[in-house]
Amino acid sequence: DGEAGLLEAGGATPRRSSIIKDPSNQKCGGRKKTVSFSSMPSEKKISSASDCISFMQAGCELKKVRPNSRIYNRFFTLDTDLQALRWEPSKKDLEKAKLDISAIKEIRLGKNTETFRNNGLADQICEDSAFSILHGENYESLDLVANSADVANIWVSGLRYLVSRSKQPLDFMEDNQNTPRFMWLKTVFEAADVDGNGIMLEDTCVELIKQLNPTLKESKIRLKFKEIQKSKEKLTTRVTEEEFCEAFCELCTRPEVYFLLVQISKNKEYLDANDLMLFLEAEQGVTHITEDMCLDIIRRYELSEEGRQKGFLAIDGFTQYLLSPECDIFDPEQKKVAQDMTQPLSHYYINASHNTYLIEDQFRGPADINGYVRALKMGCRSIELDVSDGSDNEPILCNRNNVTTHLSFRSVIEVINKFAFVASEYPLILCLGNHCSLPQQKVMVQQMKKVFGDKLYTEAPLPSETYLPSPEKLKRMIIVKGKKLPSDPDILEGEVTDEDEEAEMSRRLSVDYNGEQKQILLCRELSDLVSICKSVQYRDFELSMKNQNYWEMCSFSETEASRIANEYPEDFVNYNKRFLSRIYPSAMRIDSSNLNPQDFWNCGCQIVAMNFQTPGPMMDLHTGWFLQNGGCGYVLRPSIMRDEVSYFSANTKGIVPGVSPLALHIKIISGQNFPKPKGACAKGDVIDPYVCIEIHGIPADCSEQRTKTVQQNSDNPIFDETFEFQVNLPELAMIRFVVLDDDYIG
């Protein structure tokens with residue numbers, strides 16, 4: 001969908017900057033500013049070290065912090081020769097109200113000195129806006145607060161740059177045109193300038209920038225060229241090499257990435273292999289990283305030929321790397337099967353679909369074969385088939401509220417056979433809703449045997465065992481879940497109770513329902529296809545724990561399961577250690593809305609059936625949860641829910657016995673190219689984004705926090721906010737990030 005975001009977890013510290021508002025009393029330095037116009041005249045865009053220097057030379061107001069709760073407003077500037085920092089007003093004479101750059105020992109961001117710690121007003125000062133300059137032999141501190149984190153970043157980056165380059169400060173400004181980035185942009189321009197005149201049509205330059213950064217809107221690029229031409233009072237629309245470079249740098253520099261680059265490269269304009277290695281180890285948490293691996297990343301992402309040869313990564317390549325799948329916060333280990341797959345089937349959560357044949361609502365939606373294709377491609381391992389009698393002795397699948405569109409049973413199982421093991425090779429459970437006459441049941445059996453062949457798992461369960469076989473043992477097997485006749489071979493057919501879900505449906509929809517369960521006839525051949533997933537009726541936990549066989553499973557309606565989860569949470573977890581539980585949505589959900597799967601995962605329920613056709617927060621949780629373990633459709637439950645001796649209730653308040661809680665730190669840095677929400681026509685093209693961070697897990701862990709709103713910016717909103725959550729049972733917790741449009745009309 002074109003969305004991208006920068007965020008970090010675990011307490012790392014990239015800084016940000018964005019567009020800088022000029023303080024109203026800014027004074028001009030002695031030399032011409034090199035920052036060019038941005039979209040609004042009152043803003044200055046920072047895309048290089050020279051922009052930071054220019055801003056500092058123009059000067060701005062900073063608060064000077066002293067011990068004992070004293071804070072003074074002072075106007076700070078950098079000398080035009082880059083040798084000293086000055087401030088006014090001051091009681092000292094002008095020569096004393098200054099600090100030589102050569103005397104600076106260190107620049108610290110945040111409230112990290114004794115002065116800040118001892119100032120009574122320090123609590124009211126924003127951490128991100130504070131910085132300190134340590135200077136002189138005794139490491140005295142000059143402690144300052146900017147009016148925003150953006151401005152603090154500019155001073156810190158600019159000063160660090162000057163300190164690191166203090167041996168050759170005067171050539172620094174001229175040097176800007178010779179940075180690797182400018183050299184690369186010049187070669188790009190020259191290659192496109194076929195006439196060799198050093199000037200090109202605006203249309204050609206717009207196309208060129210779009211090729212280099214496909215996410216940029218054409219209108220934004222054209223506006224930028226107009227601003228540059230207006231600032232130079234040009235009448236022509238032809239673009240020079242210098243203007244092309246200027247436009248590209250202003251449009252394609254993400255300031256928050258630029259400040260991160262400067263910070264980790266120790267004030268260079270690029271990263272070398274050692275800088276990248278340190279960043280990957282300390283910031284990204286990558287283990288076993290080598291210099292060769294870093295050079296490989298540089299070769300793949302650096303845009304300039306020179307950079308690839310010399311082994312450095314400039315801002316554009318670094319930005320592309322940060323936005324690549326390699327930097328996804330999703331654990332790369334989980335992109336393949338990473339869990340123990342040899343435990344009993346009852347120890348796993350299983351990706352399950354409800355009414356798989358529907359792609360619309362369950363009340364009147366037509367049956368559609370694509371429902372199965374979609375679910376199986378998404379790694380679903382439990383699918384539903386409601387089979388009824390069709391004409392010409394051919395069983396069919398249809399929504400019994402819409403019998404006009406139906407699918408032949410044979411065509412459905414052929415599609416299932418084709419896609420069964422495309423996304424996962426672990427067992428597939430077919431939940432059979434059988435409403436067929438005996439002759440058509442026999443046709444179903446013949447067709448399943450013919451189509452599935454030896455994939456059908458029909459081995460009789462061993463009474464000597466106490467647990468179900470493992471997903472590993474059942475690889476590439478198709479398991480039929482359904483009713484079963486008594487084991488006496490002389491009984492060729494018999495009556496069994498209707499499926500629980502059908503019984504509930506009848507009870508809810510029928511006025512004269514008398515509480516008796518409907519009986520249906522079942523043939524021996526269909527009964528024999530059911531082995532380790534025999535459907536039985538739930539009575540209560542005491543009876544089940546005493547009498548239920550490990551190969552028998554119960555289905556619970558959402559309503560009944562919620563009641564049990566609230567009244568007997570520990571018993572539900574214990575029951576699910578040995579037996580499979582299937583939870584299906586309430587019959588009242590005629591719009592095919594979804595239940596919250598987390599409520600039932602918290603009790604250890606394995607098969608929570610979801611309406612895949614209905615997007616939204618609940619389906620997001622389901623999809624997110626089953627991304628782990630290689631998306632194979634099986635996720636191992638926490639050990640506290642598997643161990644015979646453990647005792648767990650999801651409703652526990654606070655710390656879970658035997659589990660170490662975690663403090664989770666998340667910093668939302670920025671976003672890029674947020675699309676307009678559907679139906680948000682009243683606001684035109686403008687959006688005011690903010691981000692919600694939701695933690696889902698056991699009730700004690702569920703919480704939500706949000707960033708501030710960034711006004712009218714969908715292209716590159718910068719949030720730069722840090723959040724902390726305590727997570728008591730991390731194995732069951734998920735994070736959901738939601739980007740919303742504030743003041744959304746309609």
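Mentor: Before anything else, pLDDT is the predictor's confidence in each residue, from 0 to 100, and we need it here since this is a predicted model.

Trainee: Where in the protein is confidence lowest, and where is it highest?

Mentor: Confidence is lowest in strand S2 (residues 20-21), with a mean of 37, and highest in strand S27 (residues 634-636), at 98. For the protein, the mean pLDDT is 85, and 87% of the residues reach 70 or more.

Trainee: Which contacts does the model show over residues 9-43, beyond near neighbours in sequence?

Mentor: That stretch, where the pLDDT is below 50, has 105 contacts of this kind in the model, and residues 167-174, also with pLDDT below 50, have 13.

Trainee: How many aromatic pairs does the structure hold?

Mentor: It holds 21 aromatic pairs. To read one, look at the angle between the ring planes, because over 60 degrees counts as edge-to-face. The planes of tryptophan 184 and phenylalanine 248 stand at 75°, with ring centres 5.6 Å apart, so this pair is edge-to-face. Tryptophan 184 belongs to helix H5 (residues 180-192) and phenylalanine 248 to helix H8 (residues 241-252), so the pair ties together parts 64 residues apart in sequence.

Trainee: Are tyrosine 550 and tryptophan 551 buried or exposed?

Mentor: Both are buried, and their rings, with centres 5.1 Å apart and planes at 85°, are edge-to-face. Elsewhere, ring pairs link Tyr538, Phe541, Phe556, Tyr568, Phe572, Tyr575 and Phe579 into a cluster.

Trainee: Which ring does the charged end of arginine 706 sit over?

Mentor: The ring of tyrosine 690, with the charged end 3.7 Å from its centre; likewise, the charged end of lysine 268 sits over the ring of tyrosine 270, 5.9 Å from its centre.

Note on methods:
Residues numbered from 1 in each chain as written. Predicted model: local features only at pLDDT ≥ 70, side-chain atom pairs only at ≥ 80, totals over all residues. Heavy atoms only, no water. Phe/Tyr/Trp six-rings, centres within 6.5 Å; stacked < 30°, edge-to-face > 60°. Helix = DSSP H or I, 4+ residues; strand = E, 2+ residues; numbered from the N terminus. Buried < 20%, exposed > 50% of the residue type's maximum accessible area, 1.4 Å probe, protein only. Lys NZ or Arg CZ within 6 Å of the ring centre and 35° of its normal. Contact = heavy atoms within 4.5 Å.
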